[in-house]
Amino acid sequence: MDTNSIAIIVMVVTFLYLGYQGVPVAFALISGALLTTALFTKISLPSIVGQMFNGINQLEFLAIPFFLLAGDMMTQANITARLIRFAQVLVGHLRSGLAHVVSVSSMLFAGISGSMTADVAAISTVVMPHMAEEGYDPAFSAALVASASTIAAMVPPSIMAIVYGAVGNVSIAGLFLGGATPGLMVGIGLMVYSYFFGPPGVRKQRATIGEMVTATRLALLPLMIPIIIVGGVASGVFTPAEAGMIAVVYIIVVLLPLMARGHIRRLPRDFMEAAVLYSLPMSAVASASAVGWLMAYLGAPDIVHRWIEAVSGDNRVIIMYLMVVVLTIAGDFLDGVPAIAIFMPIIVSLSQLGHIHPVHMGVLIIVSLAFGLITPPYGLILLLSSTLAGVTFTRALRQAVPLYCVYFLVITVIIFFPDVVLWLPRLLMPTSVGCFPNPSGAGFICPP
Amino acid sequence: MLVAPKPRVTVRAARHLKWPALDPLERGLMVLCALLLLGFTVVEVADVLCRNLRRPWLNANEFAAGFFVWGVFLGMGVAVRRDQHFRLTAIAQTLTGARRTLVETFNRVVVLVVAISMVVFGYRNYLTGYGSFLMPSLTPIAVLYAAIPVAGVLVALFTVEELVNGWRHGFEGQREEQGLEAGQVPVA
């Protein structure tokens, strides 16, 4: 084994050891990088610390605070409850109605915050007590809320997509649009599972037209936010950061005065909370960037590249499955955002090996990382939802295992049918997936 | 059921590990972070408005990056006091007695070493930052690099606070109102 391989192993083992001792991820990561640099390389330590700065000094990241602030304001002002009520009149009358409400609410709320944590917190506090009243096993509720919240990582304005786009130099608009279909597939898959295999709940009457109109009217203004974000970014009118800023301004200027006037006094607190909240993933990204940079310096992408090439040749399907396995395991141990920064050099190298479209690969990686957040041994999001539901992680995990089928299915569809990811960006924003205007003037020419 | 936290800015969790004298600093940092986020929002609004008025504001990105970078690193510092950083496990909290003290001390010493590295090596970067410039204003990039040693000082300060109080009063104790406020909640 050569020195570089030993250095990589030392860095990874240091991070995992410190991480599992309870050292915060950002500090465990940078500790591994500093130790490895000092022991095995001639790189100066200030340049490793400098990489922390370079890792976050990218304009694309400016979108993240806005989406977190938007999600925080919507939750704190209780505007989210209107979306949940809207979901209730749409699907609440079906068998396992509240389970469907969780899936639909997550799809709607995901389109505003892009944060799985915000999604879990918002949906858990409002829907879980009602699920308990209707006799749903709290462990099932926790598993479902956690699984549904992963949709936030896939649909716009996914924070993982922003980080992936910024770190990997891939179109964020393409990732936003490309992730929408898999996100919907996960949501619908969870609904289908709940309908056939979930607890029956209490059957309710279908909402009347009047109730539907009222719920739609109340939810209409909040539902404009995903439309503003997707419409603005897809049409190329806004960058993701500007779309986030406009969503924040829309909430402050339109939604709060009309729907939660009393909350306006609480705005300074929202800003304080969101300000600290966005620094958490970003400080992890800062440290992960240093680790990713050092990994690249030590030749980790080449090592993994050679290993995967030996197993798969240039077979894109096997490469993608191997990446799913690697990234799902990584998602178990590590939050998705720093994982992207660490693995990006390897992802780029393998995308080139298998001639895989960067947006296609990006969406697959994001879905895999999101899946990792609800799988054992760690399952960060499942841990959070089980805490909020007041059940042990193990009980929630037992209920979550059957839901994994939905992810296996979605991941397989993504791998075998790239168009599931690429059709929407090609339709709405062809340049985001490498298409260019046809010289004859009719439409676009897209790479295969 | 989730209980809404009391409307206080200063963190309520693990008070036995905090010095009340540092509460005003935490409050001040929270306000500063909020102001940076507000400034960043205003800059973005102004940038879009100016562009649409066909009078582009050329320095907008410099200001936005400045607010963003300082916000991240100051937030990194204050999140140490609020115990909000992502963690893989909360293994130490399941332990008691001497083992708990040992693990908690070890973890904080690691954070302290990283903080000192951020101060020392970040300061060296800060000095070299006078040789590179932000465009188009030609402001030395050192104004952004300075955020790292400052964050290092804050991280070190809040870590020492917890170490000293942990040794004095024990790391165990009522972790009141922990919930989401201090619960290693990731944002993903």
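## Close-up views of a predicted model

Across all chains, the structure holds 17 aromatic pairs. Rings of Phe, Tyr and Trp (its six-membered ring) count as a pair if their centres lie within 6.5 Å, with planes under 30 degrees apart called stacked, over 60 edge-to-face and the rest tilted. This is a predicted model, in which local features need pLDDT of at least 70 and side-chain atom pairs count only at pLDDT 80 or more, while totals for chains, interfaces and linings use all residues. Residues are numbered from 1 along each chain as its sequence is written, chains are lettered from A and ligands numbered from 1 in the order in which they are written, and side-chain values use heavy atoms, with hydrogens and water left out.

**View 1. An edge-to-face pair of Tyr195(A) and Phe196(A).** Tyr195(A) is partly exposed, at 34% relative accessible area, and Phe196(A) is exposed, at 56%. (Buried means under 20% relative accessible area, exposed over 50% and partly exposed in between, using a 1.4 Å probe and protein chains only.)

**View 2. A tilted pair of Trp57(B) and Phe63(B).** These rings sit 5.5 Å apart, centre to centre, with 35 degrees between the planes. Trp57(B) is partly exposed at 28% relative accessibility, and Phe63(B) is partly exposed at 42%.

**View 3. An aromatic cluster with members from chains A and B.** Phe66(A), Tyr278(A), Phe40(B) and Phe68(B) make up this one cluster.

**View 4. Helix α5(A), residues 80-91.** Helices (DSSP runs of H or I, at least four residues) are numbered from the N terminus. At 1.5 Å a residue, counted over one less than the number of residues, the 12 residues of α5(A) should span 16 Å, and the end C-alpha atoms, 17 Å apart, agree with this. Buried residues of α5(A) include Leu83(A), Phe86(A) and Val89(A). The buried residues of this helix pack against α4, α6, α7, α11 and α12 of chain A, where contact means heavy atoms within 4.5 Å.

**View 5. The second largest pocket, with a volume of about 690 Å³.** Its lining has 26 residues, and Ile8(A), Val12(A), Met295(A), Val326(A) and Phe343(A) lie nearest the centre. (On a 1 Å grid over the protein atoms alone, a pocket is an open set of points with protein on both sides within 12 Å along at least five of seven lines, and lining residues have an atom within 4 Å of a point.) Helix α1(A) gives the largest share of the lining, seven residues.

Notes. Helix = DSSP H or I, 4+ residues; strand = E, 2+ residues; numbered from the N terminus. 1 Å grid on protein atoms, 1.4 Å probe; cavity = no way out; pocket = protein on both sides within 12 Å on 5 of 7 lines; lining within 4 Å. Points joined across faces, edges and corners; volume = space filled by probe spheres on them.
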